[in-house]
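Please examine the sequence and the three-dimensional structure shown below.

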Amino acid sequence: APPAEEGGSGSPAAEATDYRGCIVSDSGGFDDRSFNQSSYEGLKMAEQDLGIKISEAESQAETDFGPNVDAMVQADCNMILTVGFLLGDVTKEAAADNPETNFAIVDYSDPEFTDNVKPIIYDTAQAAFLAGYAAAATSETGKVATYGGMNIPTVTIFMDGFADGVDYYNKQKDANVELLGWDKKSQNGTFVGNFEDQGKGKTNTLNFINEGADIIMPVAGPVGLGTLDAVIEANADGKDAKVVWVDSDGYETAGKAEEFILTSVMKLMGNAVEDVIKTDTEGKFDSTPYVGTLENGGVALAPFHDLDAAVSDDTKSELETIKKAIISGDIKVESKASPQQ
Amino acid sequence: MQRIVTGNALVSVLAVVLALIAGGILIALTNEEVARTSSYFFARPQDMLGAAWTAASEAYIALFQGSVFNSDGSTFARMIYPLTQTLTVATPLICAALGVALAFRAGLFNIGAQGQIIIGATLAAWVGFSWHLPVGLHLLLVILAGIVGGALWGGLVGLLKAKTGAHEVIVSIMLNYVAINLVLYLLTIPAFQRPGSTNPISPQLDETAMYPPLFGDTFRLHWGFIVAILATFFAWWLLNRSTIGFELRAVGSNPHAARTAGISVTKGYVIVMVLAGALAGLAGTAQVAGTEQVLTAGVAASFGFDAITVALLGRSTPWGTFAAGVLFGAFRAGGVTMQTNTGTAIDIVLVVQSLIVLFIAAPPLVRTIFRLPEPGQLTAKPRKTATTGGAA
Amino acid sequence: MSTATATEPQQSSAPTDIVRNWKTPVILAVLSVLALLVFAIGAPDNSVTFRLSAPNDALVLPDIVLSAVVTGWVTAVLMLAAAIWSFRLVRSGRKVPGWLVAVFAILFIVGFLTWVVGSARTPNVALYGLLAGSFTLAVPLIFGSLSGVLCERSGVVNIAIEGQLLFGAFSAAVAGSLSGNAFVGLAAAAIGGVMVSAVLAVFSIKYIVNQVIVGVVLNVLVSGLTGFLFSTVLSSDPARWNSPPRLPIISIPVLSDIPVIGPILFEQSVVGYLMYIALAIIYVGLFHTKWGLRTRAVGEHPKAADTLGVKVNRMRFMNVLLAGVVAGFGGAFFTLVLVSSFGRDMTAGQGYIALAALIFGRWNPLGAFFAALLFGFATNLQYVLSALGSTVPNQFLAMLPYVVTIFAVAGLVGRARPPAASGVPYIKG
Amino acid sequence: MRTVVPTDKEQVGWGLKLELKGITKRFGSLVANDHIDLVVQPGQVHSLLGENGAGKSTLMNVLYGLYEPSEGQILVDDKPVTFDGPGDAMAAGIGMVHQHFMLVPVFTVAENVALGNEATKAGGMLNLDDTRARIREISDQYGFEVDPDAVIEDLPVGVQQRVEIIKALLRDAEVLILDEPTAVLTPKETDELLGIMGQLKADGKAIVFISHKLREVKAVSDIITVIRRGKVVGDAPASASTTELAEMMVGRAVSLTLNKEAAQPGEETFTVSDLTVLSPTGQRVVDGISFGIARGEIMAVAGVQGNGQTELTEAILGLQDHVSGSIRLEGRELVGKRVKDIIGAGVGFVPEDRSVEGLVGTFSVAENLILNRYDRPPFARGLAMKPGLIAKNAEQYIAEFDVRTQSAEAAAGTLSGGNQQKVVMARELSRPLKLFIASQPTRGVDVGSIEFLHKRIVAERDVGTPVLIVSTELDEVLELADRIAVLYQGRLMGIVPAGTSRGELGLMMAGMNAEEAQAQQAQAEAQQTDVEGGEE
Ligand SMILES: Nc1ncnc2c1ncn2[C@@H]1O[C@H](COP(=O)(O)OP(=O)(O)OP(=O)(O)O)[C@@H](O)[C@H]1O
Ligand SMILES: Nc1ncnc2c1ncn2[C@@H]1O[C@H](COP(=O)(O)OP(=O)(O)OP(=O)(O)O)[C@@H](O)[C@H]1O
Ligand SMILES: [Mg+2]
Ligand SMILES: [Mg+2]
C-alpha cells in the first residue's frame, strides 16, 4: 500500500516545510540542457511554489548512481526523483527496500516497479512528428537532417517521430524531402557518441549543410549548441539554415541563434515533476505512470517565434489538423523507442 | 628521531595535508557565504574567515563521514557503512591499477585499462545473464570470462607492439575508443538488451553469477573485494616471486640485458599486456557481477584512467597500488556524500587527489614548504623514467 | 700500401648484402586483395558524385562523377599491380620506394571512398565539406601535438597535452567572457597553457618527478579544477562567465577563392592562421635555427649539450613553457572558434589523440601535422558517411578513425625512435 | 668569443698556463679529489696517470666547469677564475675531449661542432655552411679526414674522436684536455693522434693527456703526474719505466704478467664456419668467418671496436637476426636457436657493455647473479622462484669473486664499474660451461682485479672449456690468448699464434692479412730496432 498517506493529512502548506524532495541526476549532470536540467528545474519550481526543501546529487558516472540514491534515502527524503533509464535498476531496488519513501523516475518505466514509484515518461515522437512535418514543409532545399547524442531510445524517439513527420509530408504532398542522419528502418544514423562534445555537433551540422540540408534537429543536449554555432556561421556565409531544438523551447533557453530556431520539440518535464511532487505533498501519490502526450500537453511543438513568417499558413493549419489526428489516434506515430507501459 | 621527522611517512602525511588545504581554499573561494561576507571583509574580516573555515571544514567532515566513519549513523552498521562503501569503490580500481602497474614494471605505459575493463565486463556480463548455471560454477565462469575479455584486449596491444613495434600508447588509446563503440553497438542488439526493451542496458546478471555480499545485504561490499586482495597478492607473488615477474621486471628495467640473458622481450610485452588486461577484466567483473549488476556503456566509469594515477601513486608496487586504490576509493565514496550533504561539487576530489600525488612525488617541495631539514642521503641517482614509471 | 683505408668509415665501406624485409609487400598484398574483394567485386552498381564546389563559390568546378564498379576495378587492379611489383622489388633485394607506397595509399583512398560513398543511400558527397571538416577537427590536435613536439624534443615527456588544451579552452572562455574581447581570451588561453606547463616543468625538471606521473596527474588536476569551477562559478552565471565572443573569420582575398582548398586553408580564424605560423616556426626553428639545434641536442644527449655550454634545464624549461603557449592556442580553438562556451571536459580526450599523432608523426612537426590531418579526415569521413546513410552501424563507423590509426601505426609506421633523452631528467654531477 | 691577447704571455710567449690549487671534490662522503695541485704549461703535454676511480676524470670535469669544486682554486695565466658551467671554461680557452664521447649520435658532424657555438644568419637561422668551412679548414690543417655532413652514429669511433678534437679547436682552445682518447683507437689511429698532439703542442697549446696505456704516456708526455685515491702521488719524467709508473699508481708492486701454463688443447668442440652476419641495413658486419676452438684453449679476437667482434659474439649467442653459415658446439648447430636454448646448451657470455647488456641496474646483486638461470633449478621450480637459494648463491659468489657491495640485496647499478664486471663474470663462471665467451672481460677494472679475473679465465680453460675472448686491449689479448684472431671490417685477417708481435697485430688490425703483416713487420724491424713490446 502507498505508505506516504499518513503524511498527507493536515494542511499542505504547514506540511510542506518539512517535506523534502530530492533528485539524483544521471551522468549528464543538472546542466545538460536536457532532461536532467528540466527535471531539476521542476524540483526548483516546487521548492518555490510549494515551499519544500530540496536536496540534489549529481552523478558523474554510473558508479555514483547507487551511492547517490542511497545518500538520498539516508537524508530522509519524502520523494526521490531519479532521471533516466540508467537509474532504473537502482531506483527499483531502493524503492523495494524503502517502502516508506516515494520515488519518481523520468524517462523510464518498469513493470517490476513497486507501487511507491511513479514513472514519468513521454511519447515524444508525437511532437517530433509535427516538427518533421513542419521542417519538410519549410525546407527550401528538400533536405532536412537530424542527429543524436547516442543511439538510445530517449534520443531516437525524437528522430523516429521526425522521420515519420517528413514521410507523412512526402506522402501527403507527393514530395520528396530527404532526411539525412537517420534511417528509421535500420535504426541507424549519425550520433556524436556523447552529450558533451559541442565541436562534433558543429562539425556534423556543417556536414549536413554541405550535403544540402537546411533544417537540422540535434537531439544531443548541449551538443546542440554546436549546431547553433554552425547555423550562425552558415547564415553569415549566405546560406539559409535553421534549427529544430528539442526538450525545451530553444528560443527561450538556448541563449543564442534564436532567430534561426524554427521551432522546438518540447518535453515539458518541469511541469510534470512539479505536479508529481504537488500531488505527493497533498498525500495523493499514485504509481500509475505519467505519460506526456500531445493530448495532455506533456509534449508539444513550440511556437515559431521569429520564423513565424517562414512557415506558411497552410502548413500551420495542417499541423493543427495533424495534431488533432494524432490525439484522436487517426495518425499513429510509432517508434521502437516509444514508452512501453 | 631525525629519521622520523624527515622520513617518507611524514612527507606523505604532509602532502595530504597540503592538498587538503589547497582544496579547502578552493572550496572556500567559491562558497556563496564566503563571497557574501567578503564584501565587508575589511569591516569584519572574521566573518569571512569564519565562513571560509565553515565551508571547507564541513566539506571535509562530510568527505570523512562518507568514506570512513559516519558518526551520525543510527546503527553501528550505518556508522561503518561508509568504510565498506570505500572498499567497494576501491575494488575495481585496485584490480585495474594492478594491471597498469604490472605493465609499468615491464616498461609499458598502458593507457588502455578503460577498454580492457569494458571488454572484460562485457564478456563477463554476457556469461552472467545469458547462461544459466549452478551457483559457484556460474560465478567462476563469469570471472573467467572477464579475465579472458580483458586479456584479449590487452594482449592485442602487446601483440601489436611485439610484432610491429606499434607504440603501446597509441594502440591502447585507440582500443579504448574501439571498445566503447563495440559495447555501444552490442547494447543495441537484442542479445544484449532486456526482453521488450530497447534501452542500451543489459538484463541483470543471474543471482548465481554475482559476487555474494561480504557482510550481508546491508552493505554493498561484495566478494569482489576479496578477489581484489587475492589479485594484489597474486600480482605481488608474480612480480617478486615468480620467474615470469623476474622476466617482466628485467624487460622493464633493462631490455638489452634481458635479451642477452635469454629473456624474450617481445614475449614479455605480450605476456605483461595479457596479464594487465586480465586484471583490468577482473575489474570489469567487479562492476558487472558486483556493484552494478548490469552491463551499460558506462560500466567502466573512469576507473581505467583513475587506475593510471592509482598505479603511479602506488609506485607500481602491488601493495602500494592496493593502498592507493583504497585511498582513491575513499575519496570517490566520500565525494558523493560531500556533494549531497554540503553541495560541494565532487570535482574537488579530483583536485585534491591529483595534488596529493604531485606532492608525494616531490618530497623536496613538501620539505621546502614546511621548512623540514633535508635527509642525509642526497646522492639521488637519476632513474630512467621514460616508460618504466615509478618502478621502485 | 694499406694505410689509406684506416681512416675511412668502416661501416660504410663494408660490403652490403640483402636484408629482405617482406613487411611492406605483405601489407600491400593484403590490402589490395581486400580492395579487389570489396571495392571491385563488392562495388555497388552506382555512380558516385564528388562535389568539388559549393553552389555559391566564386569559382565553380564541375562535379566528379565516377562509376563505382569501374573505379573499384581500376583501383584494385592498380593496387594489385603495385603489390606484385613491390614483391619483385624485395625479391631482387631492393627496397620498396616511398612513392610507391604513397601512390598505393592514394589509390586505396580513392577506391575506398568511391566504394563507401557508393554504398550509402545518397551516393553523392561534398568533397570540399569533407575536407574542410577534417581540417577543423585536426586543428586542436595539431596544436596539441606541436606542444608535444616542443616538450619531447627537448627531453620532457608531455602527457599533459589534454590538460593544456582543456585549461587553455577554459581560460579563453572565462577571460573572453569577462572582457568581452576574443583576443583577450586568446591571450588568456596562452597563459592558461603556460600555467599547466609551468607545473609540468617545475615538477619534472626541478623536482625530478617522473614525467609521466606529472603529466597524467596534471590532466586529472585540470579536469577537476575546471570541472569544479564550471559547476560552481561558470554555471551560476553563464552570461557573465561563459559566453565568450567568437574570433572573427578572416578570409584572405584571392587565395580563399581557390576551389576546394581555398575556403579550407584561407578562410580561418586567427587561431587557424596561428596554427600555420606555429607549424612553420616550429618546423623551421627545430631544424634550421640555433634554438632548434640546442633543443634537439638537449633532448638527445643533454650531457653533450651541457659540455658545450648549453644550459640544459633552462632550455627544457623554456621549451616546456613555449609548448604551453602553443597548446593554449589549441585550447582557445575550442571556446573561441569551434563553439562559444566552455563545457566540462570539452576536450574529450583530444590531448591523448594529439599524443598519438605526435608519436605517429615520429616527433616531427610535419609528421604530427599529417597524422593529425589523417585522424581528422577519418573522423569526419565517418560523420559524413553516417549523414549519407551508410549501411554500416554507426558504432562501427565511429571506430573508423581509431582503427585507421592502429592500422597505420602497426602497418606503415612501426617502430619509431623517440628523442633519446625524452623522459630522462638531467641532473648535473 | 675569446681572442688571444699576446701581452699576457711573456713567460713562455704563447699559449695559456693553467694552474690548479688545492682542488677538492667530494661526492657525498666520497672524496674523489683531495687537495690536488697541478700546473699545466703551454706547449707541453701533461699526462695524468692513475687507477680506475683515482679521480682523473673528476679533476678534469672540475677544470672544465662541469663540476663545482668543493674546495680549491683554478688559475688561468695566474688569474683566479670560477667557472659556472663549461661555457665559462670554453670562454677561458679550455677545451675537453671526454672519456665518453659527448656527441649527439643523430646529429651530423657539422651540427655537433656547431652546437653551443653556432654561427647564425639573420633571425637566429643556423649558418652551417660557415661551420662546414671551418671544419674543412681544421681538417686540412691537421690532416683529419672528416665529412661535415656525415651522421655521427654512422662514423667509426676513430673519426668521432677527431670530431671531438675539432670541436675543441674550433672554440679556440688553448688548453686541451684529452681524457682517455686512445681507448678506442687502433694502434695506427693512436699513432696518428699522438702525431696530432705533437702538432698542437708545437702550436703552443697546453695538453692534458689521460691514458691507462703507459707506453703512449711515455711516448708523448713532457711530464707525468700520478694520482692515487684522489691525491697527487708525485710527478715522473717520461723516461720513468713502466713498472715504476705502475707501482706509483697502485701503491704496491704489481705483477703485470700472468703466469699461465701452456694450453693443452683437446678436441675442437666449437666450430664456426662461413659465418656471415648482416646488419639491419644489409651490411656484412661479419663476413664469411671460419674458425674453431679446442677444449682447453683460449682464442682471443683482437681488433678495433666496430669491426664485427660484437656481432660475432652476439651471433654465437643467437642475438643477431640475419645470420648465415654454421656455428656448432659439440656437434649441435646453434644458428637459428633461441638465446635461451643457447645459454642452456652451456654457453657462458660476458657482454662487452656490462651496464647495458650484462646487468639489470635496478635488480639486486643476488638477482643479477642468476639473471640467465632464474627459471632453472635450483633457483626456480615451475613458476616459483626460491629466494633462499638465490640468496645463498649470491653469498657464495660475492665472497668468491670479492664483489664489494653493501649487501647481496643492493641494486647492481650502485656498484662500481669493476665490481659490476665481477658480478657478470661470477654469474657466467658459476656453472659448468661448454663454451665461454667474454667481451672486454676487464674493461674498467683495476689492476688487482684484472689479475684475479684473468686467473679465473685461465682456470676455466684449464677445466677444458673452449674460451673465446674479445678485447680491444692488445695487452690483454697477448696475455690471455693461446691463439689470436684478428678481425677487420668483418673479415678474419688471420689466426696467429700467441707470441705474435704487437706491430704485426697492429698491421692486421688495420686491414692487412697475416702474411703481409708478417712480411712488413719483418722489414720494419730490420730497419730499426724498436723498443716496442720489449717489456713483456
Ligand atoms: N657523479 C658522481 N657521483 C658520485 N661519485 C662519483 C661521481 N663521479 C665520479 N664519482 C666517483 O669519483 C671517483 C673518481 O672517479 P673518476 O671518474 O674521476 O675516476 P677516473 O680516475 O677518471 O677513473 P677511470 O680511469 O676509470 O676513468 C670514483 O670513485 C667515482 O665513482
Ligand atoms: N651517482 C652515484 N651516486 C652514488 N654513488 C655512486 C655514484 N657513482 C658512483 N658511485 C659510487 O662510487 C664508488 C666508485 O664508483 P666507480 O664506478 O668510479 O668505481 P671505481 O673506482 O672505478 O671502481 P672499480 O675499481 O671497481 O673500477 C662506488 O662505490 C659507487 O657505488
Ligand atoms: Mg671507474
Ligand atoms: Mg676517467
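In the hairpin formed by β1(D) and β2(D), which has two residues between the strands, D:Gly28 adopts a positive phi near 60°. Helices (H or I, at least four residues) and strands (E, at least two) are DSSP runs, numbered from the N terminus. The model is predicted, and local features need pLDDT of at least 70, side-chain atom pairs count only at pLDDT 80 or more, and totals for chains, interfaces and linings use all residues. Residues are numbered from 1 along each chain as its sequence is written, chains are lettered from A and ligands numbered from 1 in the order in which they are written, and side-chain values use heavy atoms, with hydrogens and water left out.

Two strands are said to pair if DSSP finds at least two bridges between them. Within this pairing, D:Leu18 stands opposite D:Val40 in β2(D). In general, the strands of a sheet pair through backbone hydrogen bonds, either parallel or antiparallel.

Chain D also holds an open sheet of four strands, in the order β12-β11-β14-β15, with antiparallel pairing. Strands β12 (284–293) and β15 (332–333) of chain D stand at the edges with a single partner strand each, so one side of each is left without a neighbour in the sheet. Helix α9 (residues 309–317) of chain D packs on the sheet and touches β11 (270–278), β12 and β14 of chain D, where contact means heavy atoms within 4.5 Å. The direction of α9 makes about 115° with that of β11(D); axes are lines fitted to C-alpha atoms, for helices over the stretch in contact, and angles run from 0 to 180 degrees between N-to-C directions. At one end of the strand order, β14 (residues 322–329) of chain D and β15(D) pair in the antiparallel sense over two bridges. There D:Arg328 stands opposite D:Glu333 in β15(D).

How is chain D divided into domains? The assignment gives domain 1 (1–93 + 172–250), domain 2 (102–170), domain 3 (264–346 + 432–536) and domain 4 (361–430), with bounds that come from an automatic or database domain assignment. The centres of domain 1 and domain 2 of chain D, taken over C-alpha atoms, are separated by 24 Å. In their contact, 17 residues of domain 1 of chain D meet twelve residues of domain 2 of chain D. The area buried between these two domains is about 1,200 Å², of which carbon and sulfur atoms give 60%; buried area is the accessible area (1.4 Å probe) that two parts lose on being put together, summed over both. D:Asp172, D:Ile196 and D:Gln199 supply 30% of the area that domain 1 of chain D buries against domain 2 of chain D, more than any other three residues.

One salt bridge is counted between domain 1 and domain 2 of chain D. A salt bridge is a side-chain nitrogen of Lys or Arg within 4 Å of a carboxyl oxygen of Asp or Glu. D:Glu192 forms a salt bridge with D:Arg162, with the closest N and O atoms 3.0 Å apart. On the side of domain 1 of chain D that touches domain 2 of chain D, the largest share, six residues, comes from α6(D).

Contacts between chains come next. Chain B and chain D bury about 2,100 Å² between them, 64% of it on carbon and sulfur atoms, and 19 residues of chain B are in contact with 29 residues of chain D. In chain B, B:Thr243, B:Phe246 and B:Thr260 lose the most area to chain D, together 30% of what that side buries. B:Arg249 forms a salt bridge with D:Glu367, the closest N and O atoms being 2.8 Å apart. The largest share of the side of chain B that touches chain D, seven residues, comes from α10(B).

Chain B also meets chain C, in a contact that takes 50 residues from chain B and 51 residues from chain C. These chains bury about 4,400 Å² between them, 79% of it on carbon and sulfur atoms. The side chains of C:Arg344 and B:Asp347 meet in a salt bridge (2.8 Å, N to O). Helix α8(B) gives the largest share of the side of chain B that touches chain C, twelve residues.
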